[in-house]
Amino acid sequence: MTSIQTFYPTYFVTFTAGSLLRFPAALLIIYLAAINLAGFLSMFIDKQRARKHRWRIPEKTLFFIAALGGSAGSILGMQLFRHKTKHLSFCLGMPMILVLQIMGALAVCHYLL
């Protein structure tokens, strides 16, 4: 019984306040990387479909992906693939979403710290 008592506290109970805070941060980074990749790829796919005169991704879907956190990837895809760059709603809307997301992130960081 003493071997279980010595094994249990040292091996299994390793959570600290710092490790609990790092875990959600890692998930947030993974989520933001995935959603920005989705925004980037959606611009690429829509550009390819436009060239082939095929069914396109709806504009509201592109904005929805950006609003979920993929605005940076969407903007990068717009510029790299020269897609939707003549549409005023995209030229103003995507950067506006990014600015709002940055302001929201800064407000959350200020509140938590």
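This is a predicted model: local features need pLDDT of at least 70, side-chain atom pairs count only at pLDDT 80 or more; totals for chains, interfaces and linings use all residues.
**Entry 1: the largest pocket**

I began with empty space. Rolling a probe the size of a water molecule over the atoms shows where empty space is left. I looked up the volume of the largest pocket and noted about 540 Å³.

Next I asked which residues line the largest pocket and which of them lie nearest its centre. The lining has 20 residues, and Leu28, Leu32, Ala105, Val108 and Cys109 lie nearest the centre.

I then sorted the lining by helix. At least two residues come from each of α2 (17-51), α3 (59-81) and α4 (88-112). The largest share is that of α4, with nine residues.

By class, I wrote down 15 nonpolar and five polar residues for this lining. No charged residue takes part in the lining.

**Entry 2: cysteines**

I checked for disulfides. A disulfide is a covalent bond between the sulfur atoms of two cysteines. The count here is zero.

Cysteine 91 has a relative accessible area of 33%, so I logged cysteine 91 as partly exposed. Cysteine 109 is partly exposed too, at 42% relative accessibility.

**Entry 3: salt bridges**

How many salt bridges does the structure hold? I found two.

One of them joins aspartate 46 to arginine 56, and its closest N and O atoms are 3.1 Å apart. Aspartate 46 belongs to helix α2 and arginine 56 to the loop between α2 and α3, so this pair ties together parts that are 10 residues apart in sequence. Arginine 56, at 32%, is partly exposed.

Lysine 84 and glutamate 59 also meet in a salt bridge through their side chains, at 3.1 Å from N to O. I placed lysine 84 in the loop between α3 and α4 and glutamate 59 in helix α3; this pair links distant parts of the chain, 25 residues apart. Lysine 84 has a relative accessible area of 8%, which is under the 20% limit, so lysine 84 is buried. Glutamate 59 is partly exposed, with 33%.

**Entry 4: aromatic pairs**

I counted three aromatic pairs.

Phenylalanine 40 pairs with phenylalanine 81 in a tilted arrangement, 5.1 Å centre to centre and with 50° between the planes. Because phenylalanine 40 lies in helix α2 and phenylalanine 81 in helix α3, the pair ties together parts that are 41 residues apart in sequence. Both phenylalanine 40 and phenylalanine 81 are buried.

Phenylalanine 44 forms a tilted pair with phenylalanine 81 as well, at 5.1 Å centre to centre and 55° between the planes. This pair also links helix α2, where phenylalanine 44 lies, with helix α3, where phenylalanine 81 lies, over 37 residues.

I compared accessibility across this pair. At 34%, phenylalanine 44 is partly exposed, whereas phenylalanine 81, at 17%, is buried.

Which residues do the ring pairs link into a cluster? I wrote down Phe40, Phe44 and Phe81.

How values were computed. Residues are numbered from 1 along each chain as its sequence is written. Side-chain values use heavy atoms; hydrogens and water are left out. On a 1 Å grid over the protein atoms alone, a cavity is a set of points where a 1.4 Å probe fits but cannot get out, and a pocket is an open set with protein on both sides within 12 Å along at least five of seven lines; lining residues have an atom within 4 Å of a point. Grid points are joined across faces, edges and corners, and a volume is the space filled by probe spheres set on the points. Helices (H or I, at least four residues) and strands (E, at least two) are DSSP runs, numbered from the N terminus. Ala, Val, Leu, Ile, Met, Phe, Trp, Tyr, Cys and Pro count as nonpolar, Asp, Glu, Lys and Arg as charged, and the others, Gly among them, as polar. A disulfide is a pair of cysteine sulfur atoms within 2.5 Å. Buried means under 20% relative accessible area, exposed over 50%, partly exposed in between (1.4 Å probe, protein chains only). A salt bridge is a side-chain nitrogen of Lys or Arg within 4 Å of a carboxyl oxygen of Asp or Glu. Rings of Phe, Tyr and Trp (its six-membered ring) pair if their centres lie within 6.5 Å; planes under 30 degrees apart count as stacked, over 60 as edge-to-face and the rest as tilted.
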